[in-house]
Amino acid sequence: MVWCRDMGDATVHNQHSMRFVLAGGAGGYLKTNPAGRYLDFRATDLKLPANRHERVLLSMLDAMGITDYTGFGDPSLASTSKTPLPGLAA
């Protein structure tokens, strides 16, 4: 199960600082921890692209076995950023 808001900051209408809740293990796809967890995927190295919210959605596609991301998301997004997030999959 995935829950998130459609805007990270609705006042300025952007997707920065979006929070996602991923409940369950997606049939073993997601790493799990009985105590819960908080994962911060913001880019800390300014040379790297920020981990945009599309990458969480791509991870959910990957969990369902969909790996062709053609036509998904922002067309100006570099193909290297159009991948599932590392660290979510078990």
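## Contacts around Tyr 29 and other local features

Leaving aside neighbours within four places in sequence, Tyr 29 is in contact with Ser 59, Asp 62, Ala 63, Pro 84, Leu 88, Ala 89 and Ala 90. The model described here is a predicted one. Tyr 29 also belongs to the largest nonpolar core, a set of six residues that Tyr 29 makes up together with Leu 30, Val 56, Met 60, Leu 85 and Leu 88. In soluble globular proteins, nonpolar side chains tend to be buried together.

Ser 59, one of the contacts of Tyr 29, is found in helix H1. Because its relative accessible area is 0%, Ser 59 counts as buried, the cut-off for that class being under 20%. With neighbours within four places in sequence again left aside, the contacts of Ser 59 are Tyr 29, Pro 84, Leu 85 and Leu 88.

Ala 26 lies in the loop that runs between strand E2 (20–22) and helix H1 (54–63), and its phi is near 55°, a positive value in a residue other than glycine. Most residues other than glycine have a negative phi.

| Residue | Relative accessible area | Class |
|---|---|---|
| Ala 26 | 40% | partly exposed |
| Ser 59 | 0% | buried |

Trp 3 is found in strand E1, which covers residues 2–4, and, apart from neighbours within four places in sequence, Trp 3 is in contact with Arg 19, Phe 20 and Val 21. For Trp 3 and Arg 19, which are 16 residues apart along the chain, the C-alpha atoms are separated by 8.6 Å.

Definitions and conventions:
Residues are numbered from 1 along each chain as its sequence is written. This is a predicted model: local features need pLDDT of at least 70, side-chain atom pairs count only at pLDDT 80 or more; totals for chains, interfaces and linings use all residues. Side-chain values use heavy atoms; hydrogens and water are left out. Helices (H or I, at least four residues) and strands (E, at least two) are DSSP runs, numbered from the N terminus. Contact means heavy atoms within 4.5 Å. Buried means under 20% relative accessible area, exposed over 50%, partly exposed in between (1.4 Å probe, protein chains only). A nonpolar core is a set of buried Ala, Val, Leu, Ile, Met, Phe, Trp, Tyr and Cys residues joined through side-chain atoms within 4.5 Å.
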